[in-house]
Structure formats: C-alpha cells, structure tokens
Amino acid sequence: MNTYYNQGYKSNSSQAPRFAILVAGGSGTRMGADRPKQFLLLHGEPVLLHTLRRFAEPALGVSEIVVVLPADQLDTWRELCARFKVSISHRLVTGGATRWASVKAGLAALSEHGTGLVAVHDGVRPLVPRLVVERTYVAAATHAAAAAAVMPKDSVRLLSQHGSAAQNRNRLRLMQTPQTFEIDLLRRAYAMPELASFTDDATVVDDLCRVHLTDGDYRNLKITTPEDLVIAEALMAAGL
Ligand SMILES: Nc1ccn([C@@H]2O[C@H](COP(=O)(O)OP(=O)(O)OP(=O)(O)O)[C@@H](O)[C@H]2O)c(=O)n1
Ligand SMILES: C[C@](O)(CO)[C@H](O)COP(=O)(O)O
C-alpha cells in the first residue's frame with residue numbers, strides 16, 4: 001500500500017536548514033584493498049576527504065555534516081584528519097552492519113533537529129558535482145523526497161527462468177546519491193524494520209512518499225571495485 005506522504009504536501013521548506021549524512025561505515029570487500037576504500041588515496045587525499053569537502057562548500061549552505069564510520073575505524077579517520085589538516089566541522093558516528101543501519105545511526109545523531117532537509121550520500125562518491133547536490137536539496141524542499149539518478153548507457157535485459165528479455169532503458173534509471181528528504185519523513189521511514197530490498201534510501205521511503213528523481217551525473221561514480229579508483233583518478237586529473 002502506498003499512501004503518499006507528499007500528495008498535496010507543501011513542505012514550505014525552501015529556507016529549511018540543510019544537513020548531510022555521509023555514510024562511510026562499510027568495509028570495502030569488493031575493492032579488496034588493505035583498508036576500507038573510503039580511506040584509499042585519490043589524487044593524494046583520502047576518498048572520504050574529497051566527499052566531505054564537496055558537502056562543505058559554502059554555496060550549499062549545509063549547517064551540519066555527520067560522517068558515519070565503522071566502529072573500529074574512528075581513530076584511523078581522526079589520524080587522517082590530523083595528517084591532512086582537515087578543519088571542516090563534522091560529527092563522527094559509529095555505523096552498523098548494513099548501509100541501512102549506518103544511515104539510521106547518522107539520523108539519530110541529528111535528533112535535536114526537528115525540521116530541515118537531510119541529504120544522505122555515499123562517502124565513496126567523492127566526485128559528486130555541487131549542482132547535483134543542490135538539485136536534490138531544492139527538489140526535496142518541494143517534494144519531500146528527491147534522489148539523483150542517471151539514464152543507463154548500456155542495453156538492459158531482465159533475467160527469467162526462460163532466459164532474458166530486453167528492457168526499455170528509457171524507462172529505467174540508475175540511482176545515485178545524494179538522496180535528500182524532509183528529516184521527519186526520513187525518520188519515519190527509518191523507524192520501520194529493515195528489509196533486504198533496502199539498497200538505497202529512496203527504497204526505504206517509497207511506501208511513505210513518492211521520490212522525485214533529479215538529474216545525477218556520470219562523474220558521480222561510486223568507488224566500488226579497483227577500476228573505479230583509476231577512473232576517478234583520471235577524472236580528477238582532467239579537472240572534471
Ligand atoms: N555497513 C555499512 C555498509 C556500507 N556503508 C556505506 O555505504 C556506501 C555504499 O556501500 P558500498 O559501496 O557497498 O560500500 P562497502 O559496504 O564498503 O563495500 P562492499 O559492499 O564492497 O563491502 C559506502 O560509502 C559505505 O561505506 C555504510 O555506511 N555502512
Ligand atoms: C545507495 C547506492 O549508492 C545507490 O546507487 C547503492 O544502492 C549502494 O549499493 P551498495 O551495494 O551498498 O554499494
């Protein structure tokens with residue numbers, strides 16, 4: 001049952017305070033590196049520092065940034081902050097066993113805020129353009145829920161018992177982050193039990209509110225496997 005939170009919903013929140021949760025609580029098994037991929041160096045600095053810097057851009061007006069880390073990596077990050085002289089203000093939170101649990105922990109750290117817009121972003125998407133972030137905040141102010149997405153570039157097929165069937169890719173989107181929400185809506189969504197189908201925040205919110213899709217960007221790649229780091233390095237070197 002979908003009782004949409006935003007049918008006729010007027011958030012009146014274009015001036016709402018902006019918050020961000022950067023989830024970096026994963027271990028990076030697919031990367032197979034000697035440390036979690038959020039700490040690998042990209043253009044001479046940790047991946048997570050690039051991401052943090054994007055959200056700290058003054059033009060975005062984000063008033064509080066929460067960074068979620070694995071329980072055993074808080075000191076690693078503190079040491080990196082000292083080594084790279086990070087002066088960007090942010091709150092550190094211990095994550096959980098899944099991305100969902102890490103987002104929930106990040107949200108709990110914003111509990112003193114009754115209203116506002118919160119962007120949830122993967123700490124391992126360090127190249128997100130400011131405009132992509134801005135679009136999700138602006139759209140969330142009107143629609144309560146907004147998420148960045150791009151069109152597939154490849155052809156897509158759906159697997160079945162009988163083989164596979166071509167899909168109309170014009171009707172498909174690849175979800176990126178940020179995914180940005182009225183904070184109260186996101187709290188209500190994350191108060192529900194976790195499901196295995198929750199691979200992103202839009203999916204968690206779906207039963208409460210229609211999620212408005214905004215234009216993402218192909219540069220906003222999620223660093224997942226080793227070749228992603230090579231591509232990100234090349235994009236940075238090219239100033240893209
Ligand atoms: N328990 C978890 C799992 C993931 N994440 C974060 O969610 C984002 C997307 O997850 P993913 O790319 O899957 O990261 P990992 O879980 O680290 O990678 P892998 O699945 O390969 O182990 C990452 O920024 C990751 O740190 C998190 O905060 N807490
Ligand atoms: C949230 C996300 O980045 C949207 O594309 C993606 O679903 C995360 O997936 P992962 O398996 O946790 O990397």
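The exercises below work through a predicted model of a protein chain with two ligands.

**Exercise 1. Compare the radius of gyration of the protein chain with that of a compact globule.**

Step 1. The protein chain has 240 residues, for which a compact globule would have a radius of gyration near 18 Å.
Step 2. The protein chain has 18 Å, so the two values agree.
Step 3. The C-alpha trace spans about 50 × 50 × 35 Å along its principal axes.
Step 4. Buried residues account for 40% of the 240 residues. Of the contacts between residues at least 6 apart in sequence, 74% join residues at least 24 apart.

**Exercise 2. Give the strand order of the seven-stranded sheet and identify its edges.**

Step 1. The protein chain has seven helices and eleven strands.
Step 2. Seven strands make an open sheet with mixed pairing, in the order β5-β4-β1-β6-β10-β7-β11.
Step 3. The edges are β5 (91–94) and β11 (212–215); each has a single partner strand, so one side of each has no neighbour in the sheet.
Step 4. On average, neighbouring strands of this sheet are turned by 25° against each other, direction ignored.
Step 5. Within the sheet, β6 (residues 117–122) pairs with β10 in the antiparallel sense over four bridges, and Ala 119 is opposite Thr 180 in β10.
Step 6. Helix α5 (residues 183–190) packs on the sheet and touches β1 (18–23), β6, β7 (145–150) and β10. The direction of α5 makes about 110° with that of β10.

**Exercise 3. Describe how strands β8 and β9 are connected.**

Step 1. Strands β8 (residues 157–160) and β9 (residues 163–166) run antiparallel and are joined by four bridges.
Step 2. Ser 160 is opposite Gly 163 in β9.

**Exercise 4. Characterise the shells around ligand 1 and ligand 2 by residue class.**

Step 1. Ligand 1 has 21 residues around it, of which Val 23, Gly 25, Gly 26, Arg 30 and Ser 102 come nearest.
Step 2. The shell around ligand 1 divides into five nonpolar, twelve polar and four charged residues.
Step 3. The residues surrounding ligand 2 are Arg 99, Asp 122, Met 175, Gln 176, Thr 177, Thr 199, Asp 200, Lys 222 and Thr 224.
Step 4. By class, the shell around ligand 2 has one nonpolar, four polar and four charged residues.
Step 5. Strand β10 (residues 174–182) gives the most to the shell around ligand 2, with three residues.
Step 6. Thr 177, one of the residues around ligand 2, is joined to Pro 178 by a cis peptide bond with omega of about 10°. Pro 178 lies in strand β10.

**Exercise 5. Describe the surroundings of Ala 202.**

Step 1. Ala 202 belongs to helix α6 (residues 201–205).
Step 2. Ala 202 counts as buried because 24 C-beta neighbours lie inside 10 Å.
Step 3. Leaving aside residues up to four places away in sequence, Ala 202 touches Ala 147, Met 175, Gln 179 and Val 211.
Step 4. The C-alpha atoms of Ala 202 and His 212 are separated by 9.3 Å, with the two residues ten apart along the chain.

How values were computed: Residues numbered from 1 in each chain as written. Chains lettered and ligands numbered in written order. Predicted model: local features only at pLDDT ≥ 70, side-chain atom pairs only at ≥ 80, totals over all residues. Near = placed C-beta within 6 Å. Nonpolar A, V, L, I, M, F, W, Y, C, P; charged D, E, K, R; others polar. Helix = DSSP H or I, 4+ residues; strand = E, 2+ residues; numbered from the N terminus. Pairing = 2+ DSSP bridges. Rg over C-alpha atoms; globule rule 2.2 N^0.38 Å. Buried ≥ 20, exposed ≤ 12 C-beta atoms within 10 Å, placed from the backbone. Contact = placed C-beta atoms within 7 Å. Axes fitted to C-alpha atoms, helices over the stretch in contact; angles between N-to-C directions.
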